[in-house]
Amino acid sequence: MRNERIGDYLVGQGLITQEQLQKVLETQKESNGAKKFGDVVVELGFMTETNFTKALAGKLRVQYVDLDNIDIDTDAVQKVPEQLARKYTVIAIAITGKRLTVATNDPVNFIVLEDIKVSTGMDTVPVLATTSAINKAIGKCYSMQNVDSVVDSVMALAGDKMSAEEEESKDRVESAPIVKLATTIIENSYRADATDIHIEPFEKYTRIRIRVNGDLVELMSISSAVQSALATRFKLISGMNIAEKRIPQDGRFTQIVDGTTLDVRVSSLPMVHGEKIVIRILSTGQIALRKITDLGMSDYNYQLFESMLRVPHGVVLVTGPTGSGKTTTLYAALGEIAKPNVNVVTVEDPVEKAIDGINQCQVNQKAGMTFAAALRSILRQDPDIVMIGEMRDSETADIGIRAAITGHLVLSTLHTNDAASTVVRLVDMGVAPYMVATSLIGVIAQRLIKVLCPACKKPRMSTEEENELMGIPESIEIYEPVGCPNCNNTGYKGRTAIHEIIHCTAKVSAIIAAGGGKEEIEKAAKANGTKLLRDNASVLVQAGETSIDELVRSTFTV
């Protein structure tokens, strides 16, 4: 039994079929042994990495550990040098007497265990964990330890001046403390699933905060002596003018963290005590485009959205506040309708994700390439579908609406609070009501709402006031956040979107053409079956996916 091959073991356990096993072996053969069996099984989608690792643990009779949900002993981590941990993909997680428990993805590789034994002078006990979990843990545990030493060395250097030769040495630059600090901040933020980093200078200290699930959390505080060097480093790598400290600037750069290339946007703004730097982290095209079905829409909304995209010409608008996932929705829509027989052109500022088979055009204000100028040229490029990153002014809105009337499908975004007020906003921007009425296919308003952590949420009965908010007659069981290590004690894990879709039917169009207000449009849309943002949030609360606090935060109106 011990000598049974892992593939036969998986088939015997009913985890994969004989055909799947053959396919894996063929693929492995094609790679000339460069790929491990487990990697190929996961790559082909026959098993998840976690399930394969658990099955392997069962076969090898080794304990499986879920590194994301256990407390890793920092003293144990320090026993194994970072270089060794990264080289062999291992991390020490616990010490019992003279024995060191080490998480590895290859517990039968005795050379590795022997190496660690020699390096630490302790007996090693292997446990099994997934490769991605080990890499993430290595990143988290070592980089947090590095921060303190990096900050100390930056402080030591803050007083020293470097000679010209030292400045030029490339190796010195890469290992320079301030460079390490900048890299570490981005790495730690990405591993914490942050979307933005704020570096805020104050008189006595500089605070670094990150935005996780929409809320700002403090990452660390550093001495204000380091602020200037750190700001200069970020400005340098993102292509800004480092000599100019009196005006706002913005730039971008890419950084590879744990094998993923990140597209990083940087914005600097002069403050009283130095420059405030805000960094936005975006995953580049390596992370696959979302499909419409992955946007978290209810079945009803999904059918509405899909039917809107089938209309050959007109305007589809996605609205919501900054950071509510509008661009993600637009890209998903483009992915759905961009076929080889249509010409799709986008105007964006900046281009967020490079998509294969779509012509993407970057706005450049300095060169006079504005949204309006780009749009005029695009309409001479024989497009079928035009995507405008944002309707910022009346000129862009006007050209977009005219393009829709002349037989193009136009997708764009607008900053408004709900779907009905979008129509009013367009008319305010100077577009004639009859043009809005004839060209608008529909409006999608969306928000991001936090999802409760499944491991620690606790149930309770809803109060009368909450029933009224949810629009239900009697009390039901709802859940509220608690907080555990699994969700960094926030009570929430990840976010999903809620949507409000208004389909411009003949009745709604007639109200728009007659110059009707927001209330009238909303009333007609509700009669058509539009579910408002609050209705969607209410469904999620009743399903136990989010809390009543989130419903109030995202949809409360006076």
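Colleague: What is the mean pLDDT of the protein?

Modeller: The model is predicted, and the mean pLDDT of the protein is 86, with 93% of its residues reaching 70 or more.

Colleague: Which elements have the lowest and the highest mean pLDDT?

Modeller: The lowest mean, 46, belongs to helix H9 (residues 164–168), whereas strand S10 (residues 314–319) has the highest, at 94. Over residues 162–172 the pLDDT is below 50, and this stretch has 5 contacts in the model beyond near neighbours in sequence.

Colleague: Switching to helix H14, how does the distance between its end C-alpha atoms fit its number of residues?

Modeller: Helix H14 (residues 326–337) has 12 residues, which at 1.5 Å a residue should span 16 Å, and the end C-alpha atoms are 17 Å apart, which agrees.

Colleague: And which residues of H14 are buried?

Modeller: Lys326, Thr329, Leu330, Tyr331, Ala332, Ala333, Leu334 and Ile337 are buried in that helix.

Colleague: How many residues has the largest nonpolar core?

Modeller: The largest nonpolar core has 41 residues, and those with the most contacts inside it are Leu317, Val347, Leu426, Leu440, Ile512 and Ile521. If we leave out residues up to four places away in sequence, Ile521 touches Ala420, Val423, Ile502, Val508, Ile511, Ile512 and Gly516. There is also a second, separate core of 30 residues, which includes Ile178, Leu181, Ile222 and Ala231.

Colleague: New topic: how many salt bridges does the count come to?

Modeller: The count comes to 24 salt bridges, and one of them joins the side chains of Glu200 and Lys276 at 3.3 Å, N to O. That pair links distant parts of the chain, since Glu200 is in strand S4 (residues 194–201) and Lys276 is in strand S9 (residues 274–283), 76 residues apart.

Colleague: What about Lys450 and Asp215, how far apart in sequence are the parts they tie together?

Modeller: The side chains of Lys450 and Asp215 meet in a salt bridge of 2.3 Å, N to O. Lys450 lies in strand S15 (residues 440–452) and Asp215 in strand S6 (residues 215–223), so this pair ties together parts that are 235 residues apart in sequence.

Colleague: Why does Lys450 count as buried?

Modeller: Lys450 counts as buried because its relative accessibility is 6%, and buried means under 20%. Asp215, at 36% relative accessibility, counts as partly exposed.

Notes: Residues are numbered from 1 along each chain as its sequence is written. This is a predicted model: local features need pLDDT of at least 70, side-chain atom pairs count only at pLDDT 80 or more; totals for chains, interfaces and linings use all residues. Side-chain values use heavy atoms; hydrogens and water are left out. pLDDT is the predictor's confidence in each residue, from 0 to 100. Helices (H or I, at least four residues) and strands (E, at least two) are DSSP runs, numbered from the N terminus. Contact means heavy atoms within 4.5 Å. The expected span of a helix is 1.5 Å times one less than its number of residues. Buried means under 20% relative accessible area, exposed over 50%, partly exposed in between (1.4 Å probe, protein chains only). A nonpolar core is a set of buried Ala, Val, Leu, Ile, Met, Phe, Trp, Tyr and Cys residues joined through side-chain atoms within 4.5 Å. A salt bridge is a side-chain nitrogen of Lys or Arg within 4 Å of a carboxyl oxygen of Asp or Glu.
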